[in-house]
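Please open the model in your viewer and keep the selection panel at hand, as this tour moves from one selection to the next.

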Amino acid sequence: MLTEASVNLLQTYRSGLNSYDEILDVKGRVKPHWQALFATLEKLGIDELKTRNQEIIDKLRENGVTYNVYDGVDGLNRPWQLDPIPFLIEQKEWNTIAKGLQQRALLLDLILRDIYGPRNLVRDAIIPAELVFDNVGFSRPCADLILPAPNQLVLYAADMARGPDGQMWIVDNRTQAPSGSGYTLENRVVMSKLLPELADGMYVSKLSPFFNNIQSTVLRLSGKTKEAPNIVYLTPGPNNESYFEHAYLASYLGYTLAQGDDLLVRDGYVWLKSIEGLQRVDVIIRRIDDDWCDPLELREDSRLGVPGLLHAIRKGNVKVLNPPGTSVLENHAFLAFMHNICRYFLGEDLIMPSVATWWCGQPKELNFVLNNIDKLIIKKANRKSKFRSVYGRLLTPKDKEDLKKALMQRPHEYIAQEEVSLSTTPSLVNGLIEPRYAAIRAFLVSDEKGYHVMQGGLTRSSPVKDRFVISNQYGGLSKDTWIVSDKTDQPQEKIILPVTPSYKKQVSVPSRSAENLFWVGRYCERTMAVTKFMNIVINVLNIDRNFGGSSKQEHIKILLQSLTHLSSTYPGFLGEENQELLQKPYIEIIKLASDVYRPGTIASNVSSFLHAVSAVRNQWDIEIWRIVDLIENSFHEIKNAATMNSSNIQKTLDKLYNSMLTFLGVMSETMPRDNSYLLLDTGKIIERILSKVSIIQSNFGVKNEANVENELIEATLLNHHLLVNYRQIYKSQLSVEAMLDMVLLEKTLPYSIVYLLDSLKTNLESLPGTSGERMNEAQKSVLKASTLIKLASVQELSQYNTVTLEREALFNLMSEVSGLISSVSMALTNMYFSHTIMQHSFFKPIENDEI
């Protein structure tokens with residue numbers, strides 16, 4: 001039953017409609033499920049809906065959901081945008097739509113096989129030859145790439161919008177590497193958590209069966225029944241527009257996320273370069289464009305693909321979804337011929353029409369376009385052409401003449417589509433529910449039974465009133481798409497496997513992922529080390545406000561110089577020419593905190609940490625990603641340190657340090673103790689040893705007066721989290737010997753050098769070793785460093801040269817340990833992180849992943 005208020009809300013919304021809207025049926029009546037939704041919205045109230053909308057924004061940011069826009073203001077950090085009002089389609093109507101989508105997928109599959117086979121469509125003049133041979137998606141090297149499956153087009157996505165006749169029309173096809181299903185899933189997860197009551201009074205179909213079908217299809221294609229197949233989700237890398245989705249789906253489906261350089265072809269097979277060695281790949285789900293797949297046979301300048309991949313596909317040694325060459329179907333001109341193709345192949349009419357399309361390569365159609373350009377939208381036939389759609393009615397007379405000349409000069413390169421009034425849907429815009437144009441991307445996957453349609457999709461709506469601008473590249477908003485009915489779905493099995501596969505006890509870690517995990521640990525610890533010690537130095541400076549004046553304290557100078565050594569931001573506080581910085585240390589301290597472009601600063605380290613974390617985002621569960629969001633917030637604050645006083649700087653440093661410490665804690669509590677964890681933890685330990693050694697060497701390499709050394713001892717113990725423990729044992733007696741005994745040799749203290757070396761030794765023993773060797777180079781270096789520390793005498797280390805005051809034994813020991821641990825890092829790089837130097841982020845593919 002609708003309340004009077006909800007009727008008013010409906011009336012208010014309907015009063016703003018000037019075109020066909022999704023809430024209305026063909027007779028202009030409000031559809032029942034939209035009535036139920038509006039009733040719930042009225043109960044919530046606009047203010048509560050705005051509050052929930054902000055919660056959605058916060059949740060998407062916390063979850064790290066992004067859609068990268070090249071050259072955009074937000075760049076790689078642009079958050080995904082989700083409208084809190086879902087898009088509803090009744091189950092009965094969706095069943096008809098699904099049949100039309102299945103027919104369209106089958107037709108495209110037949111076209112694909114014909115184009116790379118007998119080409120009867122061209123021979124029988126169903127389509128012009130230009131649609132094949134002048135199609136930038138047509139690739140002769142892909143002609144003999146055959147999947148052992150009922151359909152070559154395994155994954156397919158179609159963009160739809162409702163036309164003025166009330167039917168859904170096909171607007172566009174995505175065939176080579178369809179994107180958006182991961183965002184669809186994330187939209188559903190967020191909506192179910194933050195706006196569950198919107199589904200009151202209706203049943204919403206689940207999305208999971210679609211992904212179960214993908215897993216089942218991939219398993220069958222792998223051909224493995226007695227052992228687990230090795231399935232790779234191939235991504236262009238972290239700078240790709242929809243990298244979030246690549247990592248999200250790889251994690252959700254349980255596949256290995258890899259980049260092109262993580263793979264190689266040898267003996268006709270594709271192998272994954274992992275820290276365990278080469279592992280044969282059975283199936284690749286690719287998210288890179290066709291012509292970037294193989295630099296040997298396609299684009300020779302590609303650094304995104306795998307040299308020799310097409311050869312391996314031909315030999316049947318790897319299956320790739322979708323096979324390279326399927327972008328031929330994304331040519332817009334095919335929409336003009338789909339009706340005839342359907343009659344030719346299936347002997348029936350299209351269930352779901354395409355938007356009216358004219359290919360300008362035919363004289364009659366070209367004349368029609370030239371004479372009716374004010375009513376049409378002009379596009380390039382080939383999607384890969386850098387050409388935005390042109391609305392004829394918006395052109396100036398001069399621009400219109402220029403466009404007509406271009407059409408007449410190269411007519412076969414253009415298509416025109418009818419500009420029709422597509423349907424609108426309710427959207428929350430600036431706190432008001434307003435109508436906006438919308439389109440749906442539907443997703444299909446094939447198996448031996450045919451094509452399965454996801455019970456939902458990715459709806460995108462225009463942020464601008466009366467304009468059909470839905471691409472996320474240009475600010476389009478996403479919506480959760482609900483297929484609704486009055487009864488619940490039939491339960492479905494998770495996956496029906498032909499034979500239960502054996503369990504894989506170890507997840508493959510690609511060499512690039514391994515390196516990024518290692519550096520996540522290193523940059524995290526490096527940030528914490530500099531942040532912690534900087535805070536200690538600021539505390540000391542705050543105690544002695546007259547530092548730099550007549551009562552200058554030597555221990556402060558040493559601590560400042562130690563900060564330079566620790567951060568490697570030379571010359572910093574070192575050298576005679578930098579005496580001015582010693583007089584006004586906050587100038588340099590602020591730079592050490594905030595300068596993101598200066599290597600070694602806190603901001604620079606956090607930036608590197610965030611890049612490394614993003615590169616392996618498939619490794620993190622949601623709790624860890626929320627901590628990463630806090631770290632990113634602190635990163636933005638620390639970059640503004642120049643505007644802060646010392647108190648605010650310390651608060652920001654504390655917040656950053658605590659977030660980093662929480663990251664390590666949550667990671668330690670949640671990550672399985674596999675090779676991924678071992679690499680991250682090893683990177684952390686290596687950096688921790690190097691930072692602690694640096695402080696000990698800088699503070700005590702030279703003997704100072706007793707009062708100075710007492711200050712340095714206290715600062716060092718604070719830095720090692722040992723001051724309380726030290727006081728419990730030694731009370732108020734500060735001694736270099738006692739301090740060195742604790743920070744170097746106490747096996748029970750987690751920040752002591754001997755404890756850290758033992759932990760590093762344990763990690764290296766658990767990582768895959770070098771075959772044929774009893775002990776690899778990294779293990780030898782750790783053993784040598786550990787032996788040197790354990791055999792050291794703190795009495796001898798405390799002694800100093802009475803002339804130079806240098807503690808030569810301590811300085812030399814710290815130098816040797818530092819060198820040995822640095823060599824461990826180099827040995828691990830040589831053992832595990834072997835891949836080409838060229839980074840994927842240097843290249844950006846054509847926007848195949850545009851959503």
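Select helix 7, residues 181-194, which in this predicted model is mostly covered, with 11 of its 14 residues buried. If you colour the buried positions, they are Ser181, Gly182, Tyr183, Thr184, Leu185, Glu186, Asn187, Arg188, Val190, Met191 and Leu194. From its first C-alpha to its last, helix 7 reaches 20 Å, close to the 20 Å expected at 1.5 Å a residue.

Next, select helix 4 (residues 91-115) together with helix 11 (residues 338-346), whose axes come within 10 Å and cross at roughly 80°. The two helices are therefore roughly perpendicular to each other. To see how they meet, show the side chains of Gln103, Arg104, Leu106, Leu107, Leu108, Leu110, Ile111 and Asp114 on helix 4, and those of Met338, Ile341, Cys342, Phe345 and Leu346 on helix 11, which together make the contact. These contact residues divide into 10 nonpolar, 1 polar and 2 charged.

Now turn to the largest nonpolar core, which holds 112 residues, and pick out Phe609, Trp620, Phe663, Leu740 and Ile821, the members that touch the most others. Helix 14 (residues 511-543) gives the most to this core, contributing 16 residues. Centre the view on Phe609 and, leaving aside its neighbours within four places in sequence, you will find Phe609 in contact with Val520, Tyr523, Cys524, Ile631, Met660 and Phe663. For the last stop, select Ile89, Tyr156, Leu309 and Cys342, which are among the 66 residues of another core that lies apart from the largest one.

Methods. Residues are numbered from 1 along each chain as its sequence is written. This is a predicted model: local features need pLDDT of at least 70, side-chain atom pairs count only at pLDDT 80 or more; totals for chains, interfaces and linings use all residues. Side-chain values use heavy atoms; hydrogens and water are left out. A nonpolar core is a set of buried Ala, Val, Leu, Ile, Met, Phe, Trp, Tyr and Cys residues joined through side-chain atoms within 4.5 Å. Buried means under 20% relative accessible area, exposed over 50%, partly exposed in between (1.4 Å probe, protein chains only). Helices (H or I, at least four residues) and strands (E, at least two) are DSSP runs, numbered from the N terminus. Contact means heavy atoms within 4.5 Å. Axes are lines fitted to C-alpha atoms, for helices over the stretch in contact, and angles run from 0 to 180 degrees between N-to-C directions. Angles under 35 degrees count as roughly parallel, over 145 as roughly antiparallel, 65 to 115 as roughly perpendicular and the rest as oblique. Ala, Val, Leu, Ile, Met, Phe, Trp, Tyr, Cys and Pro count as nonpolar, Asp, Glu, Lys and Arg as charged, and the others, Gly among them, as polar. The expected span of a helix is 1.5 Å times one less than its number of residues.
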